[in-house]
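Visitor: Can you walk me through this one? I'd like the definitions as we go.
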Amino acid sequence: KQWYQRRVITNPTSWHAAGILINFPEDSSPKEAGLYSSKPEIRHLFREPEPRPSAVVSNAFTLLCLSPIIIMLALWFKLGSTAPTPSPASVGFHVGWPASSCSTPTSGWS
């Protein structure tokens with residue numbers, strides 16, 4: 001029975017297998033800025049915004065661009081149009097199509 005008691009392991013999770021002592025030398029070289037060390041603060045410089053034309057110039061240019069359409073509509077009204085009376089479906093199409101193309105993000109209008 002003594003032989004059996006000597007061979008029984010009392011605590012199988014706490015075995016001392018070996019002892020290792022590691023001594024690392026002190027680093028005497030100066031430290032360089034590492035990948036994870038703090039970096040200096042970044043100061044951004046933004047361009048000055050470009051000057052915009054006045055509202056009078058913008059409105060005059062808009063009227064100049066729209067003047068051919070306004071003149072065409074005025075001449076059609078004066079001369080009379082031979083087009084048939086538009087149906088509600090055609091009015092909805094001709095009004096909705098440009099409006100939908102202006103609302104898409106890829107149209108370039110913002």
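Guide: Start with a cut-off: a salt bridge is a side-chain nitrogen of Lys or Arg within 4 Å of a carboxyl oxygen of Asp or Glu. This is a predicted model, where local features need pLDDT of at least 70, side-chain atom pairs count only at pLDDT 80 or more, and totals for chains, interfaces and linings use all residues. Residues are numbered from 1 along each chain as its sequence is written, and side-chain values use heavy atoms, without hydrogens or water.

Visitor: How many salt bridges does the structure hold?

Guide: One. The side chains of R43 and E41 form it, at 3.6 Å from N to O.

Visitor: Are R43 and E41 buried or exposed?

Guide: R43 is exposed, at 67% relative accessible area. E41 is exposed too, at 60%. Buried means under 20%, exposed over 50%, partly exposed in between (1.4 Å probe, protein chains only).

Visitor: And what share of the chain's residues is buried?

Guide: Of its 110 residues, 0% count as buried.

Visitor: New topic. What is the secondary structure?

Guide: Three helices and zero strands. Both are DSSP runs, numbered from the N terminus: helices are H or I with at least four residues, strands E with at least two.

Visitor: What does α2 look like?

Guide: α2 has 25 residues and spans 35 Å from first C-alpha to last, close to the expected 36 Å. That expectation is 1.5 Å times one less than the number of residues. α2 also bends by about 45° at L66, with the proline P68 following within four residues. The bend is the angle between axes fitted to the seven residues ending there and the seven starting there. After α2 comes G80, with a positive phi near 95°.

Visitor: Where does L73 sit?

Guide: In helix α2, residues 55–79. L73 is partly exposed, at 46% relative accessible area.

Visitor: Last one. Where is confidence lowest, and where highest?

Guide: Lowest in helix α1 (residues 2–7), at a mean of 51, and highest in α2, at 90. The chain averages a pLDDT of 76, and 70% of the residues score at least 70. pLDDT is the predictor's confidence in each residue, from 0 to 100. Where it is low, the predicted coordinates should not be read in detail.
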